[in-house]
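Subject: Structure handover

Hello,

Here is the structure for your files. Please have it open while you read the notes below it.

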Amino acid sequence: MATFDLLARLPIEVEGYELEDRDRTYGSFTRASTIVHLRGGGHEGLGEDVVYDVLDQIAHRDAGQAHDLSGHATLGDFCEFVGELDLFPGEPVREESRLYRRWAYESAALDLALRQNDLPLHGALEREPRPLTFVCSTRLRAFDEEGAKSDTEPIRKRLAKYPTLHFKLDPENDWDADLIAEIKELAPVDVLDLKGLYRGTPVDVETDPELYRAVAEAFPDAWLEDPDLTEEAREVLEPHADRITWDAPLHSLADITALERKPRAINSKPSRFGSLEELMSIYDHCEREGITIYGGGQGELGVGRGQIQYLAALFHPDSSNDVAPSGYNDPAVPDGLPQSPMDPQPSATGFRWAE
């Protein structure tokens, strides 16, 4: 039986929904987030819309309850119905945002269906969550400081409080040999996100094969995520080809099977895949093919963070999951954060990590 079938058959009763903003400002950068409250039968299911563009988020909230989501016999029926809706009142800034929003509604529906049936996610899937290994993803360049240079202070601040922490880092174009050596001396780096496929975003990195070579050689055990495989970059990375992984270009199982080489690992961001069925098919495929999955987040500010931690604890708890508790991304680096590996914290019912 496909994993999605275990969820699709769950009965569900939907009466309506509400939207709640959950925005946060970091310096001059605002991360907008909207929580979907899906209600029915005296229960509430929660999901999080992680669409990046603030204007798309505002339009979503302003539209209010634009769709009649009531009815539906099973979770599978509801997900099929949502997949046919246009959840944007106007054209989104980015086409892939349609998948992120679909995930918000389907994850809320999963939470609601499980609560209505008095089940936790792991009970419905017939597998137990395990202690969750995670890494901290932090940038070494400030978003809000024009002309800012890469600096190891963000690593040092976190290691001062959490000395066993591992990292996922984004190599920048100003990383020189001294900085790379300093990072190597400071901290274990599990993933290097080369961000070679981003264009027109605040995190763009100009393709630099020599930077690829330098970090690949300095961190021989790190995954090399999303390189821009120009002819020169391909030649530089060929000795490290088995460490190349993908994230940004993956929105479906078909995208994975169409890759030039079968990867040893992929980054799975559930909201990138949009639907529960697509995500579960990817879990099934990677398990059959022996492909390692490490989880990734999209700046969740609410229930979405716990949901991706829950999924990682069920399907890939031992990999370099970029799903650290949100406090690790706080510039203040709070005391008392859970450390890796983190004990499972599923709620008694539903698709939520316990508060």
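This is a predicted model: local features need pLDDT of at least 70, side-chain atom pairs count only at pLDDT 80 or more; totals for chains, interfaces and linings use all residues.

Helix 2

Helix 2 covers residues 54–63, and Val54 belongs to it. Together with Leu55 and Ile58, Val54 makes up a nonpolar patch on the surface, and the three share about 260 Å² of accessible area. Val54 itself has a relative accessible area of 32%, so it counts as partly exposed; to be part of such a patch, a residue needs over 30%.

His60 is also in helix 2. Is His60 buried or exposed? Its relative accessible area is 3%, and the cut-off for buried is under 20%, so His60 is buried. What does it touch, apart from its neighbours within four places in sequence? The contacts of His60 are Leu19, Thr34, Asp49, Leu87, Pro89, Arg101 and Tyr105. With Tyr105 there is a polar contact between the two side chains, at 2.8 Å.

Positive phi angles

For His72, phi is about 80°. This residue sits in the loop that runs between helix 2 and helix 3, the latter being residues 75–83. His72 is partly exposed, because its relative accessibility is 24%, which falls between the limits of 20% for buried and 50% for exposed.

For Glu126, phi is near 60°. Glu126 is found in the loop between helix 5 (121–125) and strand 6 (136–137). With a relative accessible area of 62%, Glu126 is exposed.

A cis peptide bond

The bond that joins Ser340 to Pro341 is a cis peptide bond, and its omega is near -5°. Pro341 is in the segment after helix 13, which spans 303–315.

Regards

Technical notes: Residues are numbered from 1 along each chain as its sequence is written. Side-chain values use heavy atoms; hydrogens and water are left out. Patches are made of residues with over 30% relative accessible area and no salt bridge: like charges are joined within 9 Å, nonpolar side chains (Val, Leu, Ile, Met, Phe, Trp, Tyr) within 5 Å. Accessible areas come from the Shrake-Rupley method with a 1.4 Å probe; for residues, only the protein chains shown count as cover. A salt bridge is a side-chain nitrogen of Lys or Arg within 4 Å of a carboxyl oxygen of Asp or Glu. Helices (H or I, at least four residues) and strands (E, at least two) are DSSP runs, numbered from the N terminus. Buried means under 20% relative accessible area, exposed over 50%, partly exposed in between (1.4 Å probe, protein chains only). A polar contact is a pair of N or O atoms within 3.5 Å; within protein, one must be able to donate a hydrogen and the other to accept it, and residues adjacent in sequence count only if both atoms are side-chain atoms. Contact means heavy atoms within 4.5 Å.
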